Amino acid sequence: MNWNKLGEVRPNQLITTYGPGSIMDAKNDSVTVLDIDYWRDTGKTIIDNRLANYLGVYNFKTPKTTEYDDIPVVSFPYYHVCANSKCNALFDIRDGFDRDKYIKDKGPKCPYCGWDAYPARFITACEDGHMDDFPWSRWVHRGDSTCTGRLKLYSTGRTSSLGEMFVECSCGAKRSMAGAMQRENLDGLVCSGHHPHRPLDQNKKCKKLAIPSQRGASNVYFPVIRSAISIPPWTNPINDIINANRKVIESYEEDFGEVGLQKVYEKYFASKFTRQEFDEAYIRIKNKIQEFSEIKEMEYAAIVNHTDLAYQRDVKYFKAEEVDINNGLNRYFSRIIKIHRLREVMVLLGFMRMEAPEPEVDDPNHICKLNKKAGHESWLPAVEINGEGIFVEFNKNQISKWMSTPEVMALSDKYRDYYNEFCKSKGWTMYKERNAEYVLLHTFSHILIKEMAMQSGYSSTAIKERIYSSNAMCGVLIYTGSSDKEGSLGGLVELGEMDKFLLLLKEALQNALTCTTDPECFMNLPTKDRINGAACHSCTMISETACENGNRLLDRALVVPVPERESCGYFRELVNELCGTKI
């Protein structure tokens, strides 16, 4: 038993919450996880050739989980405060840092009195991913200063406001922390260009203004994650063999051409696979997937065509069953498919600060990417989630009729224009347009997740969504899972049975008709600053870890009829039939 360990974290938390560059509270300190090129060991290798193809790596690896010395970290913020009320020293832990003593003492100690110390609450960051300490000396001296006096930070204790906290220097300078979280009060302080998760790197030149923040603020770290549902034929074992021997295959092809490929085939594949299977798999892996939407199109095709022989060769990661649609629901839905088994691979690319990333933009700005290796050694950290789900495909003909109504067309144009403005304001260029169809699918998914959480036993934070919307796709996948090998317990997929789905749909639509914040909620219309309509946390918004789009592009007026926009609801007539509510 390692009694000196600093803290614990689950593997999936290193992908979703506490990845490199984040601030994590340890037992007696706060730390930043170092970049992956500082990791000495990793866990098992995850193969998903489709996602690896898109991200330009050879494979993925899980974080090491041996319960001892797994993940390298550095103490951050560097500045700490002595817990002794008679001392209150504010000091930089890097000055005279002794790693062995730090571990032996189970955390930081004050260099002046020897008491325990705790990390300072305040930091600075910028939109380009840099992060550094709060400029304590600059703040207390009201500008740049060469003073090397001893600092201390204390609170008068009368209230919890920042105005009751004071920084004091031994030279006599003293200043309250009131206004310290306002950028303009830092007098144009430029970002230092520092990356604490890369301690050996020199600071970069950054022209952005430093943004003050508290270290526990939610906008300090946003993971940039890409995920994919593992589907046939990409789950065929031949892909794994090709990936394991890809360096050899490419070398033979480069040196000997077709003859080289034949030699490789005979050596590694001939005993189990035909030459045609080898060629098809090798071409699949070689052809670069350019856009994330291609991954979703492959998933969509595998789900809706799950009965085809090509998609039934491997049921280890994907097994689906279609449900007969009745009770008039075929007017609104084309398919309802229970997915008894699925695997999602979640990969961490890097992170952003101050603003959350858009999940399907192929070239988002301001991402601080992880330092992955080059060539055949390239990898990114990932976890695999085994679980279950329900896929609902909307009736494309009914969607087209609904989209052609004047009220919906006008609203659709607003969503498209405002979303385009939003993406351009972020500097994004490769993004997919969003219209009323996407908003309908997204909002429907949210109200269904809220109701599923009530009926399935899973919390709403454990249920996730995947929206498929384009000229060729029109559906939603709602699923849950676990990072252990057993996966989930079947409670969600049971709701795909027709009788249970009908009850689920009825309750979801009924709840969406009203909101506790009405009439304020239903009167909301999309604007360039708020790309939502009738949507709030009381009626449609869910946990951002479960939402695909950061709770943007939601409007229950497109799902059910609401006052002043009764004709916009896609399920307007179904609400009357199921809920007995005529509008």
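User: What makes up the lining of the largest pocket in this predicted model?

Analyst: The lining divides into 21 nonpolar, 17 polar and twelve charged residues. The pocket holds about 1,500 Å³ of space. Of its 50 lining residues, the closest to the centre are Thr-16, Pro-223, Ile-225, Glu-544 and Thr-545.

User: Which strand supplies the largest share of that lining?

Analyst: β15 does, with six residues. Other elements supply at least two residues each, among them α1 (13–16), β17 (333–352) and β19 (379–394).

User: Why are β8 and β13 called edge strands?

Analyst: The open sheet has six strands in the order β8-β6-β7-β11-β12-β13, with antiparallel pairing. β8 (117–119) and β13 (174–176) each have a single partner strand, so one side of each lacks a neighbour in the sheet. From one strand to the next, the twist averages 30 degrees.

User: How do you know that β6 and β7 pair?

Analyst: Pairing needs at least two bridges. Three bridges join β6 (residues 79–82) to β7 (residues 89–92), and the two run antiparallel. Tyr-79 stands opposite Asp-92 in β7.

User: What makes α12 and α13 a contact?

Analyst: Contact means heavy atoms within 4.5 Å. Residues of α12 that meet α13 include Phe-444, Ile-447 and Leu-448. On the α13 side, Phe-501, Leu-504 and Ala-508 are among them. The contact residues divide into eleven nonpolar, two polar and two charged.

User: How do the two helix axes cross?

Analyst: The axes of α12 (residues 436–456) and α13 (residues 498–512) come within 9 Å and cross at roughly 115 degrees. Their crossing is right-handed.

Note on methods: Residues numbered from 1 in each chain as written. Predicted model: local features only at pLDDT ≥ 70, side-chain atom pairs only at ≥ 80, totals over all residues. Heavy atoms only, no water. Axes fitted to C-alpha atoms, helices over the stretch in contact; angles between N-to-C directions. Helix = DSSP H or I, 4+ residues; strand = E, 2+ residues; numbered from the N terminus. Left-handed = near helix turned anticlockwise from the far one by under 90°. Nonpolar A, V, L, I, M, F, W, Y, C, P; charged D, E, K, R; others polar. 1 Å grid on protein atoms, 1.4 Å probe; cavity = no way out; pocket = protein on both sides within 12 Å on 5 of 7 lines; lining within 4 Å. Points joined across faces, edges and corners; volume = space filled by probe spheres on them.
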